[in-house]
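Please look through the structure below before reading the numbered points. They are short notes for checking against the model.

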Amino acid sequence: MATLIRSKLSNKLSNAATTVSNKSQAKVSGMFARMGFQAATDEEALGFAACDDLDYDHRQGMQMDILSSDEIGGEGSADGGALEGDSHYQRDGTGPPHSASKDGDPTNELSEVRPKITAWEAGWNVTNAIQGMFVLGLPYAILHGGYLGLFLIIFAAVVCCYTGKILIACLYEEDEDGQLVRVRDSYVDIANACCAPRFPALGGHVVNVAQIIELVMTCILYVVVSGNLMYNSFPNMPISQKSWAIIATAALLPCAFLKNLKAVSKFSLLCTMAHFVINVLVIAYCLSRARDWAWEKVKFYIDVKKFPISIGIIVFSYTSQIFLPSLEGNMQRPSEFHCMMNWTHIAACILKGLFALVAYLTWADETKEVITDNLPPTIRAVVNLFLVAKALLSYPLPFFAAVEVLEKTFFQEGARSYFPDCYGGDGRLKSWGLTLRCSLVVFTLLMAIYVPHFALLMGLTGSLTGAGLCFLLPSLFHLKLLWRKLLWHQVFFDVAIFVIGGICSVSGFIHSMEGLIEAFKYNIEE
């Protein structure tokens with residue numbers, strides 16, 4: 001009898017312990033699942049594959065519905081409405097054509113959304129983004145960083161190339177057959193996926209805010225540099241730098257009436273040619289003074305107070321992550337994306353390093369924030385006129401992108417929009433839409449007038465949004481979405497980039513703000 005009682009008690013205790021263990025394990029697994037760092041079992045992996053399969057089908061159906069109905073106000077899905085980034089992407093015709101449907105039908109309607117581009121064309125777009133006119137501030141970075149500044153030009157190229165690749169990796173997930181399928185279409189989609197399920201739209205809002213800040217700051221920098229260049233080109237004229245900025249902005253007011261970028265795109269080749277002429281003239285003049293190069297001025301120590309500003313300048317000159325998902329999605333052979341990123345960033349690294357070093361060796365401690373201000377008056381006037389033309393022709397691109405983000409966020413989200421649509425039924429721009437655009441142009445003018453410091457603004461923008469979009473967010477998203485598939489060295493790289501990027505971002509932002517405060521306090525001009 002005693003033996004029977006002990007046996008029953010033992011069984012009950014064993015069952016209770018097993019139940020408690022299972023519940024604890026379930027709670028821990030659930031907690032890590034919500035954090036996105038779970039290690040899936042075979043059954044869970046099958047569940048994830050099934051969910052991915054259903055999610056893929058749902059996205060395909062939703063995108064087809066949007067394309068066929070051509071509705072402007074995207075509506076959420078039945079599972080939470082977190083797919084607005086996808087509908088926005090397809091609605092604009094900038095999304096990947098998803099030529100491979102689940103049944104492999106080559107006649108998929110989505111395949112004709114937009115013509116494909118080659119790897120060379122994609123590389124040309126990336127090159128234009130990372131080798132724009134903001135390289136004119138790199139010699140100023142060498143002034144305060146010396147050889148470490150040159151190292152950072154190389155380091156930033158390597159890191160930005162890597163984060164661009166891992167950002168694209170976050171667009172894909174494996175299906176039940178182990179094949180990579182593109183389930184996301186934009187930076188916003190990636191951010192929303194990382195914040196789901198608790199805050200499915202938070203990540204997209206963060207990315208949109210960072211994107212708007214960077215685009216608007218880019219517009220401001222174009223106005224600042226236009227006023228600065230004109231003032232230094234004609235110093236004897238009774239026109240101040242602020243007045244030149246106002247004149248430049250008056251020429252930019254027609255941007256408020258832009259409905260698309262067809263007219264602007266015609267000037268893109270002229271911008272590239274102007275930039276090429278500028279670089280050739282500056283480098284030719286520097287080479288003509290090679291005998292006087294001040295190699296002894298290139299330091300191994302840094303200016304602790306101003307070098308963090310240089311970090312922001314260097315990072316800002318490499319920003320291209322925002323449009324990489326769209327670019328990769330429109331490539332004829334997405335498998336060539338990695339190779340394209342490699343050679344574009346290697347070329348950018350070499351050209352930027354040589355340009356910055358040669359320019360600094362020529363003027364040494366007299367290097368100015370915009371290097372063309374160091375040129376002799378005759379050459380300076382010619383080069384600066386090319387630069388002003390390039391700046392004015394480049395302004396509509398970030399301006400239109402910023403307006404588009406604002407309109408889609410606040411005016412074109414259907415029932416969730418904060419304000420009425422900016423366009424009427426006939427496609428004409430309404431009065432409040434035109435007011436929004438004109439207000440943005442005026443805002444860039446006011447910022448350029450009251451903060452006319454090119455290098456400090458560039459460093460501030462690079463530290464605030466450039467580091468976030470290029471360093472912090474891609475590494476964080478990569479860890480969150482692909483944690484179960486990463487090797488130890490990939491985890492190490494991501495964590496190291498996040499930590500280093502965070503330190504550089506905070507220090508650069510603080511010192512850039514201190515520089516701006518000091519400039520206001522002592523009325524320091526450019």
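1. Thr362 is part of helix α13, residues 337-363; helices here are DSSP runs (H or I, at least four residues), numbered from the N terminus. Because its relative accessibility is 6%, Thr362 counts as buried (under 20% relative accessible area, with a 1.4 Å probe and protein chains only). Its side chain makes a polar contact of 3.2 Å with that of Trp293 (N or O atoms within 3.5 Å, one able to donate a hydrogen and the other to accept it). Leaving aside residues up to four places away in sequence, Thr362 touches Cys286, Arg289 and Trp293; contact means heavy atoms within 4.5 Å.

2. The model is predicted: local features need pLDDT of at least 70 and side-chain atom pairs pLDDT 80 or more, while totals for chains, interfaces and linings use all residues. Residues are numbered from 1 along each chain as its sequence is written, and side-chain values use heavy atoms, without hydrogens or water.

3. Helix α11 (residues 307-316) has 10 of its 10 residues buried, so it is largely enclosed by the rest of the structure. Among the elements covering these buried residues are α5 (138-169), α7 (202-233), α17 (454-481) and α18 (488-521).

4. The largest nonpolar core has 116 residues; such a core is a set of buried Ala, Val, Leu, Ile, Met, Phe, Trp, Tyr and Cys residues joined through side-chain atoms within 4.5 Å. Ile314 and Met340 are among those with the most contacts inside it. Ile314 is also one of the buried residues of α11.

5. Not counting residues up to four places away in sequence, Met340 touches Ala119, Ala122, Gly123, Val126, Leu327 and Met331.

Notes
Buried means under 20% relative accessible area, exposed over 50%, partly exposed in between (1.4 Å probe, protein chains only). Helices (H or I, at least four residues) and strands (E, at least two) are DSSP runs, numbered from the N terminus.
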